[in-house]
Amino acid sequence: MMIISSGPRRLLIAVVSVVAALVPFYSAHAEMSAWADNEGGRMRLVALAPDARGKIRAALQIEPKPGWITYWKEPGNSGIPPQITIAAASGVTLDAIAYPVPKHFFNGAIEDIAYDAPVTLPLSLTVAGKGPVTIDAAAFIGICKDICIPFQANLQLKLGPAIQSHPQEEAILQAADASLPKPPSVDFGVTAHAMSPDRKTLSLTLALPAGGPGEGKGAPDIIVTGPSGYAFTKQIGGKRDGATFKVDISIGKLPKDYDIVGKQWSVLVIDGERAMETTLAFE
């Protein structure tokens, strides 16, 4: 079990959070904002003009420097997830953030779910009304090496008309979409799940890709995300039988008075070069 909580890195974040608040606006009159720089890396906003329904394809590009990491949506027991806020005055709303497949890092007692290479987080935006669009976004991420540094930047982007072609931005967004875990399929998904009566273990039965890079390599990496701030990764008694894998995931402590009935959790399964993400509904 991993609970986002205080720890050595979080203490360092608190110490320097005042500095992070001083980062200025990074604006551009194109479909890519200027890069905002930090000791551990840089980030910028990429977007295309809205379609006829007012939907905007966008992304936050993050490039950690070598040896640094930045975090997934449920980062582990000492990190912080990316946070993106769009100024209400811009008339643009953030509908969803998508996350490419992360890596699992272990450093003593610290367990991180993160990225150690450039990553692009796809963003789904909606604009109200017609006319020119200006996106004012405040992005806040954790970027860590031996210490964790808060990285906050205000990114501004003015979008041109949809009739213009932007092949570079299109390529960035297409590559970001391709890096996302896939939805479940006949040969890769969760075929059964059940929470134990004491809510200490979650039993999973998975269909895993046959003949793929992960076959014969033991247990896949499984990351279960429950209530906000909770991720569970400890496997108990996993058994692989051909394309079927059965395992219990240790759940441990949940929030006080948490009622799982009617809730939906998520599970990410990484098996070799393939990754699948789906929801788990509890009745």
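Predicted model: local features only at pLDDT ≥ 70, side-chain atom pairs only at ≥ 80, totals over all residues.
Which residue stands opposite Val92 in strand 11? That residue is Val127.

**The five-stranded sheet**

Val92 and Val127 belong to a pairing between strand 8 and strand 11 (residues 119–127). These two strands run antiparallel and are joined by five bridges. They sit in an open sheet of five strands, ordered 3-4-5-11-8. The pairing in this sheet is antiparallel. Its edges are strand 3 (36–38) and strand 8 (92–97), and each of them pairs on one side only. Neighbouring strands here are turned by 25° against each other on average, with direction ignored.

Helix 2 (residues 167–178) lies across strand 4 (41–47), strand 5 (55–64) and strand 11. Helix 2 runs at about 80° to strand 5.

**Strand 20 and its partners**

Strand 20 spans residues 264–271 and is mostly covered. Seven of its eight residues are buried. It pairs with strand 16 (residues 221–225) in the antiparallel sense, over five bridges. Thr225 has Ser266 of strand 20 as its bridge partner.

Strand 20 also runs antiparallel to strand 21 (residues 274–281), and eight bridges join the two. Val267 stands opposite Thr278 in strand 21. Strand 20 and strand 21 form a hairpin with two residues between the strands. In this hairpin, Gly272 takes a positive phi near 65°.

| Strand pair | Bridges |
|---|---|
| Strand 8 and strand 11 | five bridges |
| Strand 16 and strand 20 | five bridges |
| Strand 20 and strand 21 | eight bridges |

**What holds such pairs together**

Strands of a sheet pair through backbone hydrogen bonds, in either a parallel or an antiparallel sense. In a regular strand, side chains alternate between the two faces of the sheet.

Terms used:
Residues numbered from 1 in each chain as written. Heavy atoms only, no water. Buried < 20%, exposed > 50% of the residue type's maximum accessible area, 1.4 Å probe, protein only. Helix = DSSP H or I, 4+ residues; strand = E, 2+ residues; numbered from the N terminus. Pairing = 2+ DSSP bridges. Axes fitted to C-alpha atoms, helices over the stretch in contact; angles between N-to-C directions. Contact = heavy atoms within 4.5 Å.
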